Structures are given as structure tokens and as C-alpha cells.
Amino acid sequence: MTQISRQPHSEKGDPHWMEWAVGIFSALLVLTIIGWVGFEAITEEDQSPTFRTVITRKEAVEGGFRVEFEIENLSTRTAAAVVVRGEIRDGDNAVETGEATIDYVPAQSKSYGAIIFSSDPGEKDVWIRGAGYSEP
Amino acid sequence: MSKSPQRESRTFLVGIARGAAGALLFSIPMLMTMELWHLGSYMERYRLFVLLLVNVPLLIFLADRVGFERTTTLTEACRDANIAYGLGILMSAGILVLLGDIKFGMPLSEIAGKIAIQAVPASIGALLGRSQLGGSSNDQDDKAHGCCDEDAAGGGDSDAVPDQLSTSYGQELLLMAVGALFLSLNVAPTEEIILISFKMTPWHALAAIMISIGIMHAFVYVVAFKGTHEMPAGTPWWHAFFRFTLPGYIVSMAISFFVLWAFGRLDAVAPTQAMMFAIVLSFPGAIGAAAARLIL
């Protein structure tokens, strides 16, 4: 309980047991958070961002052909301004290239985007990969 | 003290004007934030809906503490909360139109979304305006004892905020939630929150947790602000630390997670990274929570 008067406010000397229960529960939660982050701090290796891209959907849209992808950052470091390049390949030649820039791909997280090509790749291969990033 | 109906309505209108002023004062930084305009138009509607709903009980609770008129019943608190929400919506709409952010020909859902998201902080501001800008609530011709009147004994029952009230523990936590929500809404939409958490190492995050908790405790119990809380003599400092400060920090963390979720910042983000976002957002959140205990 808190007694609020004009001033100063004062806490009651004999609190309800609920207050202590909530206090102890909160203390445990705070300790968990500190433990978690502390564990990350100690065990974290200094990795450079590495990406895995997966094409999630391909479909014809007005004025082109959209290839949606997800890009996952496998490392413990966040990458910013990630350039994702897509190519339609016919054998070894790139028939068409497209690009998308993702603001952030946080550590061990996924981001989503799409590249729109002007032509339907049909039977040709579509490649998508992370082509560059900067540090946030 | 008996009041004529005319004076009563005048008092009420003054209350409304203070509410509008408060809505303006407290929400103008957000009304001029680009990210919030964008969020208003693209934010997923069910998340916006949840945010708007969560605001309702908080407003009723706030209205109960600092209404447009001294409220005694739940009905009156609901009425005041309703007025504040309405004022928040009106002020947001007006300012957004003034700023050219809402124009004819925009899709209705974009307009509604932009106003709705701004109405949350504006409505809280409307109620805060009532308590912070208001001095003596129902008379100007009375001897002016404003909000900063130190003379507690003379502070009769005409003050905007009741002089003497006993808040339950739950109310104290709710109060912190309102403060945390308000400050979180200020900064959560900006890209800086996630950018900062990317720049921080876990060591920085650890320091941020400690400092947030330290500031929270110091705000309320150490720095002698007006409205500072005192422990009864002979009580060790850690009593208040465990019973109020640590739960307050957890409340602030929970609000941070909620706001981040509402703004879609947690989608497909790894748990550790999400925790980092919340720690960063809890820094202002904790300050807001502590400040709410002082000013309200």
C-alpha cells in the first residue's frame, strides 16, 4: 500500500504479502533477464554475418514476375542495408538480374523481400543471394 | 460547497480546454514523427485494435485518479476516460490535417489508422493535462492555490488532484504501466530503437538494465522531487526496491514487449534480439514509469 498525501508520499510499513510475492517474482524475472543477457555476453563469438536465402514464392505479377524470398542471418551479428541480388540464369549466363535492399537482417533472424523480374524465368534457374551489407 | 449549474458547466468546459491543451502538449512530438504516420497506414489492423483496446482500461484508471472533475464513481471515471479519448481523437485529427498529413482523397483506412494511433498518446495527454496544467479545479476567484502549492494544510478539497488518497499496490503498478506506455510510444516507432540495440553489445545491455533500475529507484526515493516517496523511518531501502522498483521494471519490460509487438518489430526476430529491443525500450519506459509515480 502507498499512502499518497500532498507530500511526501510514503509507503506503508506493513505491506500486504502480495507485495512481497510480486517483488520476489519480479526479482527472479530480472535475474533471469540479466542471466540470459550475461550468458550471451560471455559466450558470444564474434561472427561476421552469413546469410541463407530461400525462395518462398514465385508468381507472375503485372509487368513482371515476382520472386519472394526470405533471408536468414545465421550469425550473431546484425547486418544492415543488405543487398540481395537475384539472377535468372540460362546455363552459365545471367539473362536478367534484379536487386532488393533490406534495411536490417538482425542476428539469427529472418527478413523478407521480393525481386521483380521483367520476364518469366520459365524453366530457367533463379538464383538469389545476399551480395553485400554494412554494419549497423 | 454547492455550485450553481452554470458554474458547474463552466468548470467542466475549463476542464475540457485543459484536456485539449494536455493532449496537444503531450502528443505533439508524436504527431510530428514520420514513423508514426507510416505506422498508422501500414500497421496490421488487429494489432492497432489491441493497442486501442488496451488504452481503454488505462484511461479509466487514470481518469479515476485525475479526472476532468473529481470523480467518485466508476461511471464518472468512464465518462472522463471517454471524453479524453474523444479529445485525443479530435486533437490528433485536427493537427494531422493541419500538418497536411491527412488530405482529401486518401483511403479511409489510412486516415483512420493515422488518427487512431495518435489518439492513444493524445488521450493520455488529455488526462495528464487535467492534472498537470490544472491548479484549483473549480474556481479561479478562489485564493489561488495552484498545483505547486506547498501548503498542504490549506489545500482544501478543491484541488484538481485529491489531496489524500490511498492507492493500492495494483494501482501503483498500473500507474507505472501508463507512464511506461506513454514514453514507449514516444520512442518505439523510431528506427533508432532497433538501431541502438544493434549497436549495443550484450555488455551494454547489462549496463542498461542496471542503470534503468537504478534510475527508477533514484527518481522515486532518492532525488527529492516534489511527490517523492518516503519510506517509514527504520525501513531498509531494499524493501521499496523489491516491492516497487523491480516490479516496476518488469511492468516496463512487459509494456516494451507489447509496444514492440504492436508495431511489428518482433516479427521473425530471434528471442535474444527481441530481448535487446525490449531492454533498450525499457530505458525510457522505466523513466516514464518512475515519473508517473511522482507526478500523478
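Visitor: Are Tyr104(A) and Phe198(B) buried or exposed?
Guide: Tyr104(A) is buried, as is Phe198(B). The model is a predicted one. To be called buried, a residue must have a relative accessible area under 20%.

Visitor: How many aromatic pairs are counted over all chains?
Guide: The count over all chains is 10 aromatic pairs.

Visitor: Why is the pair of Phe51(A) and Tyr133(A) called edge-to-face?
Guide: The ring planes of Phe51(A) and Tyr133(A) are at 75° and the ring centres are 5.8 Å apart. A pair needs centres within 6.5 Å, and planes over 60 degrees apart count as edge-to-face. Therefore the pair of Phe51(A) and Tyr133(A) is edge-to-face.

Visitor: What makes this pair a tie between parts of chain A?
Guide: Phe51(A) belongs to strand S3 of chain A and Tyr133(A) to strand S8, residues 125–134, of chain A, so the pair ties together parts 82 residues apart in sequence.

Visitor: How do you know whether Phe51(A) is buried or partly exposed?
Guide: The relative accessible area of Phe51(A) is 22%. Buried means under 20% and exposed means over 50%, with partly exposed in between. Phe51(A) is therefore partly exposed. Tyr133(A), with a relative accessible area of 36%, is partly exposed as well.

Visitor: Why is the pair of Tyr104(A) and Phe198(B) called tilted?
Guide: The planes of the Tyr104(A) and Phe198(B) rings stand at 50° and the centres are 5.0 Å apart. Under 30 degrees would count as stacked and over 60 as edge-to-face.

Visitor: Which residues form one aromatic cluster?
Guide: Trp20(A), Trp238(B), Phe241(B) and Phe242(B) form one aromatic cluster.

Visitor: What volume does the largest pocket have?
Guide: The volume of the largest pocket is about 720 Å³. The pocket is lined by 27 residues, of which Tyr42(B), Ile194(B), Phe263(B), Gly264(B) and Arg265(B) are the closest to its centre.

Visitor: Which elements give two or more residues to the lining of the largest pocket?
Guide: Chain A supplies strands S6 (93–105) and S7 (110–117), and chain B supplies helices H2 (34–42) and H7 (192–199). H2(B) gives the most to this lining, with 5 residues. By class, the lining of the largest pocket holds 16 nonpolar, 8 charged and 3 polar residues.

Visitor: Why is strand S4 of chain A called largely enclosed by the rest of the structure?
Guide: S4(A), residues 64–73, has 10 residues and 8 of these are buried, so the strand is largely enclosed by the rest of the structure.

Visitor: How do you know that S4(A) is joined to strand S3 of chain A?
Guide: Strand pairing requires at least two bridges. S3(A), residues 51–61, is joined to S4(A) by 10 bridges and the two run antiparallel.

Visitor: How many bridges pair S4(A) and S7(A)?
Guide: S4(A) and S7(A) pair over 8 bridges in the antiparallel sense. Glu68(A) stands opposite Ala114(A) in S7(A).

Visitor: What order do the 3 strands of the open sheet have?
Guide: The order is S3-S4-S7 in chain A, with antiparallel pairing. S3 and S7 of chain A each have a single partner strand and stand at the edges, so one side of each is left without a neighbour in the sheet. From one strand to the next, the twist averages 20°.

Visitor: Where does Ala81(A) lie?
Guide: Ala81(A) lies in strand S5 of chain A. Its phi is near 45°, a positive value in a residue other than glycine. Ala81(A) has 33% relative accessibility and counts as partly exposed.

Note on methods. Residues are numbered from 1 along each chain as its sequence is written. Chains are lettered from A and ligands numbered from 1 in the order in which they are written. This is a predicted model: local features need pLDDT of at least 70, side-chain atom pairs count only at pLDDT 80 or more; totals for chains, interfaces and linings use all residues. Side-chain values use heavy atoms; hydrogens and water are left out. On a 1 Å grid over the protein atoms alone, a cavity is a set of points where a 1.4 Å probe fits but cannot get out, and a pocket is an open set with protein on both sides within 12 Å along at least five of seven lines; lining residues have an atom within 4 Å of a point. Grid points are joined across faces, edges and corners, and a volume is the space filled by probe spheres set on the points. Helices (H or I, at least four residues) and strands (E, at least two) are DSSP runs, numbered from the N terminus. Ala, Val, Leu, Ile, Met, Phe, Trp, Tyr, Cys and Pro count as nonpolar, Asp, Glu, Lys and Arg as charged, and the others, Gly among them, as polar. Buried means under 20% relative accessible area, exposed over 50%, partly exposed in between (1.4 Å probe, protein chains only). Axes are lines fitted to C-alpha atoms, for helices over the stretch in contact, and angles run from 0 to 180 degrees between N-to-C directions. Rings of Phe, Tyr and Trp (its six-membered ring) pair if their centres lie within 6.5 Å; planes under 30 degrees apart count as stacked, over 60 as edge-to-face and the rest as tilted.
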